[in-house]
Amino acid sequence: MSGWRIVWSYVYKHRFVYFFGVMLVAASSLLAVWIPRLLGSFTDSLQHGSLSFSGIANFAWMIIVIGIIRVFAGWSGRILVHRHGRILTYKLRQELFLKWGTLSQAYYHRQSIGNLLSHALSDVEVVRELVTMGINVSIGGLSMLAAALYMMVIYMDWRLALAGLGPLVAIPVIIRYLGPKIRNQFLRSQAALGSMAQTVEESISGIRAVKAFGNERVSINRFEQKIDTIVQEKIKFVRLSSLFGSLVPLMAALGFIIVMGYGGFLTIKKVISLGDFIAFTLYLAMLRMPLEQFGRVLNIIQGASASLNRLSELLQVVPAVTDRQGALLNRNVRGEVKIEKLTFRYPGTERDVLTDISFTVKPGQTLGIVGSIGSGKTTLVDLLLRLYDPPEGTVFIDGEDILSYPLARLRQGIAYVPQDGFLFSTTVLENIGFSDEEPDRERAEHSARITMVYDDIKRFPEDFETEIGERGVRLSGGQKQRVAIARMIYKDAPIHILDDSLSAVDTKTERIILKNLRGIKNKTTIVISHRLSAIRHADKILVLEEGRIVGRGNHAELIKSSGLYSRLWYMQSGLTEGAESIKPVVTEEVGSLQSGLTEGIGFIQPDVTEEGDA
Amino acid sequence: MNTQRLPPGTWGFFSPYIQRYRLRIIFLLGLIITVVTIDLAQPYLVKEAIDRYIAVANPNAAAILRMAAIYLGLVLFSFGLTYYQDILLQYTGQSIVRAIRVDLFKHIQSLSLRFFDQTASGRIITNVVNDTEALNNFFTQFLTNTLRGVLSLFLIMFFMLRLNVTIALYCFILVLAIVTISFFFQRILRKINGQIRSRLATAIAFLAENLNGMAIVQIFHQEAKQQKEFDNRNQALLKATIKENRIMLLFFNFTELFGDLGVAALIWFGGQAVIREAISFGVLYAFVGYIRRFFQPVVMITQQLNTLQSTIVATERIARTLQEQPDIKEFSGASAPVVRGQITFEHAYLAYRPGQTILNDICLAIKPGERVGFVGASGAGKTSLMNLLARFYDTTKGSVIIDGKDIRQWPLVDLKRTVGIVQQDATLFSGTILDNLRFFREEIPEDRVLAASRLVGAEPFILKLPQGYNTVLSERASTLSAGERQLLSFARAMVFDPKILILDEATASLDSESEAVLQEAIHKVSAGRTLLVIAHRLSTVQQMDYIVVLDHGKIVESGTHSELLGRQGYYQRLYQSGILLEEAVF
């Protein structure tokens with residue numbers, strides 16, 4: 001039931017508006033009920049021949065006046081209620097976004113984005129329906145029903161009222177019963193459609209493979225199967241919806257038949273007047289719509305529980321990573337990173353991702369981390385950024401436990417480039433200057449120059465103002481990464497972290513970018529890569545395997561120690577390990593390589609020729 | 001709507017599908033008329049009851065009950081009819097849409113790669129999925145609602161004219177007013193609904209992007225900024241929805257008000273007529289009953305205009321796709337030679353667009369069993385060369401000959417069986433690994449699949465998966481690493497045991513360790529096969545019997561690795577510039 005509090009508290013907060021709106025809607029309904037009654041009296045007066053032209057005019061005027069008042073009352077009441085419903089939608093979405101901003105990566109790993117989006121879309125809409133249609137219909141419709149019933153029973157004949165309304169009361173029951181079934185079947189047919197769309201997407205994006213294997217027939221068969229499922233599900237849906245579509249009018253017609261037959265009979269027997277008879281038929285026509293809506297509201301209320309609970313659960317999620325309680329270090333990060341005996345496993349998992357990791361990086365130093373996929377490189381970064389909280393007393397920055405920094409301070413001190421170079425679909429400028437409210441063009445240009453993406457950007461249709469993504473240019477993988485690195489440089493934080501951020505950049509450009517990065521003074525830099533060319537200049541290199549450090553040292557030391565690192569090195573440079581004789585030549589100690597023999601090695605690791613600046 | 005705008009053949013393509021169900025559609029029309037008539041008879045019946053049996057000198061109670069009983073029969077009949085008619089209509093619509101979908105998809109599958117290269121895949125998917133769904137809506141919503149609406153409108157008018165011509169004509173003025181207002185409001189609503197849709201899409205897209213990149217937002221500590229950005233979008237959406245609601249309510253209340261005013265007017269004019277005994281009271285009642293029934297059909301019809309509009313657009317698009325012709329066709333009388341794996345390019349030219357020659361006078365002879373590497377900067381024409389060989393495209397000039405026969409003279413099936421390709425981005429489909437390896441061809445025995453997967457060294461990792469070969473790959477096989485996907489794609493090619501195997505940058509996006517496994521695999525499968533390898537990695541190309549160097553669509557050099565280096569030409573320059581080590585092409 002806790003979810004309902006979202007609705008109650010909102011309605012309570014705006015209780016005057018709601019009260020006023022609901023009163024207007026109810027008043028409008030009551031006035032509407034008066035009109036058939038007027039027509040009844042009109043009929044009777046006409047019958048008795050007691051009606052003059054001015055009497056007719058009176059009736060006509062009364063209907064006009066009541067009509068105008070009821071329409072305007074209903075109108076203003078609905079506007080009030082509906083408007084607030086939409087504002088609630090807006091507020092809920094804002095609250096959700098605010099909440100999502102505080103939640104940590106642990107949360108996002110467990111949730112699918114599609115799921116979260118559906119909260120923001122459909123669950124929120126359900127709540128809106130509840131506070132608009134739910135309130136309007138239950139108040140407006142029910143007061144209309146009550147008033148009509150009152151008129152029928154008091155002024156006319158209660159037996160006819162009950163008999164005539166009997167079948168109509170079945171309408172909300174039918175809706176209540178069939179509605180959810182129809183909805184479920186509808187969702188099922190939509191899912192079938194979605195599954196067909198996926199098949200089409202696969203066969204279109206994989207068309208080269210399909211064509212290469214001459215496999216069109218198989219694709220078509222798969223497609224036909226999906227289509228058949230759609231047809232089946234749709235037909236099931238149609239059966240239900242047609243049943244519904246014919247039952248509701250049937251009920252209305254049954255009510256009409258009773259009123260016509262039994263009411264006509266009573267009129268002839270003079271139990272009711274002709275005017276009453278007329279009014280009855282009009283009431284019946286009038287009540288059908290609110291009763292249908294009422295049935296729908298019952299379904300909304302039923303479905304709303306689930307949505308409300310999901311929403312309230314979501315709004316109550318406690319972020320896993322937050323500022324610690326108590327006094328926090330209120331100072332800027334300078335750049336020393338120290339990790340001590342760190343062992344870590346992701347919350348809710350069984351396996352240690354990192355085991356007994358210790359190292360130190362001094363301000364201004366560069367640390368390279370290599371290792372294959374799954375060796376724990378990225379986890380290390382997650383912890384440094386506090387996307388996950390490390391165990392207490394394992395990760396230190398400037399000698400203080402990372403947990404004792406406020407998150408804002410910590411993240412101010414670190415600039416980071418993710419693996420995929422995640423960019424937003426805004427302009428290039430806004431992406432590079434993401435850390436600023438108003439990005440500074442000059443600074444962004446400078447950052448772009450350092451990462452060798454300036455010329456690329458200049459070639460875009462609107463250079464730095466070009467939109468990235470859907471409507472703008474599509475960046476290549478390498479361009480994305482270079483923009484992401486520019487974003488890091490723009491931030492100008494004391495600690496730089498690059499997580500495999502040059503994988504899509506060609507080696508030549510990579511070399512220049514790395515050189516430029518080394519040119520920026522006083523930055524502690526952590527470079528993660530599975531390509532050794534990106535880290536070989538680092539002051540210190542860690543080799544990770546299955547969450548453990550299996551090698552450390554600088555490039556030359558690691559090559560000599562002939563472990564995993566040197567194996568990778570030879571594999572990547574295209575040499576066999578057997579080529580011991582040339583091994584020393586590749587290391588940094590050897591200066592320039594110009595001779596015939598070494599030329600061969602030069603192309604293997606082209607950046608060897610640029611050793612001068614190392 | 002404006003039919004002149006349609007390209008010729010739009011309805012032409014549509015009509016055969018409808019023709020097939022012509023009789024059924026006429027039958028349905030009859031059913032709908034019956035159902036609507038029974039429903040609309042109600043006010044008329046009350047009028048009859050009043051004028052004939054109630055408000056007369058000697059009322060007849062039995063006749064009233066009899067009338068009610070007859071109408072009850074009609075109503076029950078109509079209930080069954082409505083149900084049947086609805087199902088029949090939907091079934092017909094579904095059958096037509098199914099046929100169109102299958103024909104469209106078959107047609108698309110038959111098109112050549114040129115079509116897919118020149119058309120955004122999103123557009124093709126929209127074509128098959130959404131455009132046909134729009135047709136579906138046309139049958140299930142537009143047709144039913146419009147037919148019902150129009151028929152109701154005409155029947156009401158008919159009943160009114162039968163009651164009293166003068167009053168009926170006055171009422172028709174009201175109809176005209178309602179129709180005008182409805183059109184007016186629907187146009188505004190259509191616009192504002194479009195606005196809501198696009199604003200909602202913007203807000204949701206923003207949300208999706210930020211949820212995906214929440215780590216970046218948090219690391220750069222820009223939560224507040226993004227929150228503000230979201231607020232802008234959210235607020236724009238709020239404004240649009242409030243506006244839409246206001247207009248909706250205005251429209252709704254307009255019709256209500258018009259209804260009341262109409263009733264008042266009827267009372268004023270009709271009441272006088274009754275007193276003057278120009279009409280009976282029953283007639284006046286029936287008019288009051290009918291006048292409110294005008295609104296619903298009019299609103300229904302105007303709302304359906306949206307559906308019609310999107311149907312026309314969808315039909316146009318489908319028709320346009322169906323007009324595309326495949327470039328690659330099998331020649332009649334094609335037959336396959338004995339396959340050995342010999343390839344000859346004879347002065348082959350290729351232009352994807354007229355005037356933009358991508359391959360220029362390619363002459364190349366490859367002997368059966370040879371292993372040839374292809375290198376060159378991106379855009380040099382390596383992949384285009386393979387496009388010719390696999391007959392994704394036909395040469396603009398010159399020819400490609402396999403085992404002494406121009407490939408255009410080969411039956412397509414045989415050609416595809418002979419030439420196998422492993423591409424850079426391994427395409428896998430949702431289904432089990434086993435099905436993926438045999439490309440969903442059930443007739444291929446399992447042991448052949450297993451053998452191929454062993455051969456390329458894919459088996460160890462497959463067996464590590466929870467269900468082994470029966471593991472179901474989720475969307476895009478995202479659970480597998482690039483290397484694993486590549487191995488699967490490799491194994492898939494080997495299941496079909498091609499005599500000529502093309503590896504198109506197959507090792508480009510792999511980390512070194514996966515590459516080692518693949519290298520090993522390449523080595524193993526090359527026995528008894530002609531092997532064509534496009535690669536950037538030195539280690540891959542080095543193993544080849546010889547290397548062909550391409551530049552700007554021309555062969556500039558060829559020879560073994562050491563020969564080429566010794567020549568100090570383009571290859572050596574490529575080498576030093578580091579392009580050979582570039583990991584991927586952008």
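Into which domains is chain A divided?

1. Chain A is divided into domain 1 (1–156 + 296–320), domain 2 (158–271), domain 3 (337–413 + 493–613) and domain 4 (421–492). These bounds come from an automatic or database domain assignment. A word on the basis: this is a predicted model, in which local features need pLDDT of at least 70 and side-chain atom pairs count only at pLDDT 80 or more, while totals for chains, interfaces and linings use all residues. Residues are numbered from 1 along each chain as its sequence is written, and chains are lettered from A and ligands numbered from 1 in the order in which they are written.

2. Let's take domains 1 and 2 of chain A. Their C-alpha centres lie 25 Å apart. Seven residues of domain 1 of chain A are in contact with eight of domain 2 of chain A (contact: C-beta atoms, placed from the backbone, within 7 Å). On the domain 1 side, α5 (113–156) and α9 (274–315) of chain A each supply at least two residues, and the largest share, four residues, comes from α5(A). Helices (H or I, at least four residues) and strands (E, at least two) are DSSP runs, numbered from the N terminus.

3. Next, the sheet in chain A. Six strands make an open, mixed sheet in the order β6-β7-β8-β3-β9-β10; strands pair if DSSP finds at least two bridges between them. At the edges are β6 (414–417) and β10 (548–553) of chain A, each pairing on one side only. Inside the sheet, β3 (366–370) of chain A runs parallel to β9 (540–545) of chain A, joined by four bridges, and A:Leu367 stands opposite A:Lys540.

4. Helix α10 (377–384) of chain A lies across β3, β6, β7 (495–499), β8 (524–529) and β9 of chain A, at about 150° to β7(A). Such angles run from 0 to 180 degrees between N-to-C directions, with axes fitted to C-alpha atoms, for helices over the stretch in contact.

5. Over in chain B, strand β3 (371–375) has four of its five residues buried, so it is largely enclosed by the rest of the structure (buried: 20 or more other C-beta atoms, placed from the backbone, within 10 Å of a residue's own). β3(B) runs parallel to β10 (530–534) of chain B over four bridges, and also pairs in the parallel sense with β11 (546–551) of chain B over four bridges. B:Val372 stands opposite B:Leu532 in β10(B) and has B:Tyr546 as its bridge partner in β11(B).

6. Finally, the two chains together: 115 residues of chain B are in contact with 119 of chain A. Helix α8 (223–275) of chain B gives the largest share of the chain B side, 27 residues.

How values were computed:
Buried ≥ 20, exposed ≤ 12 C-beta atoms within 10 Å, placed from the backbone.
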